[in-house]
Structures are given as C-alpha cells and as structure tokens.
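Subject: Structure handover and notes

Dear colleague,

I am passing on the structure we spoke about, and below it you will find my notes on what turned up. Please read them with the model open beside you.

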Amino acid sequence: MADSLPPRRLLGVAKGPEEHPASRIPGATPLVTPRTFPADKGEYAAFELSNGLQVIAVSRPGTKMGAAAMNVNVGYFSDPQAVPGLAHFCEHMLFLGTAKYPDESYYAGLVASRAGEENASTSRENTEYYFGVDADHMIEVLDVFAQFFVAPKFSASATARELHAIDEEFNEEYVDDDIRAVQVVKACTGSTHPYSAFDCGNVVSLEEVPAATGVDVRAELMAFHAKWYSANLMRLVVYGAEPLPVLVDAIAASFADVPNMHTPPPRFDPALLAPDAPQHQRPLLSEPRHARHRPPRGHEAELAQHTPRCRIVEE
C-alpha cells in the first residue's frame, strides 16, 4: 500500500562515475548536486537516507557559524478537529527533552553556551526547526537536534507547563494587527476548509474543551508526532565547516533512526471559499507563522529561507 507510493525527491538520483560523499553510507541514495552560483565556494552533497529522509549537506571550510534546518511537511491544516492548535503545540514540545537527552533545558542551554540561537515555526502545511551555533560545535548540537524527530519525551509535566506558554503566545498575538488581518481573511473562507481553523491554540482549545469532551491532549500529541513526523515527509539542510564526507557521516549517524511511517503527504482542496460564498469574497491567502520565542536571525534566517519545502511533485 504505502510502500507502493512513487518516490518524491527534491533532486534526481545522481548518475555518472564521480564519487559521491554518501555512496559509502549503507542504504543511502546519492542525489544530483544542487546548482550553485560560480562565486559560491561551498561544497554540496544531496542524498536520501535509507529511511527516506532527503538531505542537502553544505561544507564551507573556515565558516564561523554552523547551522541546520529541518522542514516537516505538516502544519496546522492537519490539526485534529477536536484539538485546534495541536501542530503548533507539538512544535513547542519537541524542545522539551528526548529519550536520549531527557533534560528539558539541555538543548536550549547547549545552543546558548555554544554562542548560538534556535527557533521553530508552524505554518499551514509546514513546520520548520532550525539552529545556528559556533561552527566548532555544530555536530555536537546536531545530534541533540536530531532526537526531536526520533524520540521526543512528551512528558506529562512538560505538556502541562508548555500549554501555558502557548496561551501566552496567543494573548500576545491577539492584539497584533497583522494577525487580526489574517483572521479577517480566515473569516471569508469556507468554514470546512482548514485555513479557517484556529491555528495558534490556547488554554481553551488545548485544555478546557478537550477536558470537557474527554480528549487526552498528550495522547493526541504523541499520535500526531507518530503519524506526521515521518522521515519521508522531512527535508534537512546542514551547513558546517567540516569536510563534506565528515558532515555526511555525522548526518547519517544522527538521523538514520528517524522513523519512516510512509505517511502520504497531506493534500487539501485548493478552493478556499464555500460554494455559496458571495462572488466578491476573494481573499488573499495570508500565511500566519507561529514562531517559538522570536524571529530567526543571521545564518538561521538564511538557512530556514532556503530549506526545501516538502510539497514536491512526483517524478
């Protein structure tokens, strides 16, 4: 069934006699090297791990900053109807401990101590995670980052606490004029389209209503991650000072255990308006992005901007 889905690749399979840095990784498929500008001195390797995760590694010796960005092809359009804001909540929870690194503050503390920054954001059909640190420590941080997608804890205590961080974010956005403009556009769309849904989440949608209706939000979080955080729906870019073979080996070692559930990519009706909507209602589709803590800066912003999105045409 799912195994029979055609491959969906950002880049074609590499052909030719040249040695590819991923050719010695068991089960990895070398992909065609991305095109670059002549002035770009970086070395690139694109490949697909045996679990279906597609990667672009960028080596630039002498760079002061190392960084990574992961795009997951799921966003608030895929929220369960009973728990609006769950995709955004899941994004927050991945920062709060994993099976390999259980300390809830370990990742944030590690990044900060390595002169770095980290963040994530949730949008309609994508969730992005990224960090930038001193280049000497990129691979160390990369392994901690990888565990978000392998085995997050979703502890009961962290779930309860982080819910209130979501609610604080909602209260900040509630008075933001740009967010209010988006809500006007949402109000013009058909009520059955996921764009019209409440995307941020707050204490009402993620605690009070689920409690009243017998929905276990923590169980919903774990089910959401298990279904949608599948390697075949992920795209990763890693940028560092290490030689390309070293980068490729580090990526394979850290991300090979990301599970592949062969989840089909989410697809949605492109028609935003209900069939009986007035003809003059033609809203411009806005893109609310719920960023954790702050907007990205420096190398993070550049890397996140160029991370390949996961809506890919079939070969």
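The protein chain exposes about 14,900 Å², of which carbon and sulfur atoms supply 56%; accessible areas here come from the Shrake-Rupley method with a 1.4 Å probe, and for residues only the protein chains shown count as cover. Please keep in mind that this is a predicted model, in which local features need pLDDT of at least 70 and side-chain atom pairs count only at pLDDT 80 or more, whereas totals for chains, interfaces and linings use all residues. Residues are numbered from 1 along each chain as its sequence is written, and side-chain values use heavy atoms, with hydrogens and water left out.

Of the 315 residues in the protein chain, 50% are buried, where buried means under 20% relative accessible area, exposed means over 50%, and partly exposed lies in between (1.4 Å probe, protein chains only). The secondary structure comes to nine helices and eight strands, both taken as DSSP runs numbered from the N terminus (helices are H or I with at least four residues, strands are E with at least two). If we count contacts (heavy atoms within 4.5 Å) between residues at least 6 apart in sequence, 78% of them join residues at least 24 apart.

The interior

A nonpolar core is a set of buried Ala, Val, Leu, Ile, Met, Phe, Trp, Tyr and Cys residues joined through side-chain atoms within 4.5 Å. The largest one has 61 residues, and those with the most contacts inside it are Y129, F145, F149, Y229 and F255. A second, separate core of six residues includes L31, V58, V237 and Y239.Helix α3 (residues 138–146) is largely enclosed by the rest of the structure, because seven of its nine residues are buried. These are M138, V141, L142, D143, V144, F145 and A146, and they pack against β4, α2, β6 (127–134), β7 (234–240) and α8 (244–255).

In helix α6 (residues 203–213), the buried residues are V203, S205, L206 and P210, and what covers them includes α1, α4 and α7 (217–228). At the start of α6, a side-chain oxygen of N202 reaches to within 3.0 Å of the backbone nitrogen of V204, while just after α6, G214 takes a positive phi of about 75°.

Polar pairs and cysteines

A salt bridge is a side-chain nitrogen of Lys or Arg within 4 Å of a carboxyl oxygen of Asp or Glu, and a search of the whole structure finds six of them. In one of these, D40 pairs with R60, with the closest N and O atoms 2.5 Å apart. This pair links distant parts of the chain, since D40 sits in the loop between β1 (29–31) and β2 (43–48) and R60 in the loop between β3 (54–59) and β4 (65–72), 20 residues apart. In another, E104 pairs with R161, the closest N and O atoms being 2.2 Å apart. Because E104 lies in the loop between α1 (86–93) and α2 (106–113) and R161 in helix α4 (residues 156–174), the bridge ties together parts that are 57 residues apart in sequence. E104 is partly exposed at 23% relative accessibility, and R161 is partly exposed at 46%.

What kind of contact does the side chain of T122 make with the side chain of E91? It is a polar contact at 2.4 Å, a term that stands for a pair of N or O atoms within 3.5 Å; within protein, one must be able to donate a hydrogen and the other to accept it, and residues adjacent in sequence count only if both atoms are side-chain atoms. T122 belongs to strand β5 (residues 117–122) and, at 0% relative accessibility, counts as buried.

The count of disulfides (pairs of cysteine sulfur atoms within 2.5 Å) comes to zero.

Backbone angles

Most residues other than glycine have a negative phi. A115, however, has a positive phi near 55°; A115 lies in the loop between α2 and β5 and is exposed, with a relative accessible area of 57%. F154 also has a positive phi, of about 50°, although it is not a glycine; F154 lies in the loop between α3 and α4 and, at 3% relative accessibility, counts as buried.

With best wishes
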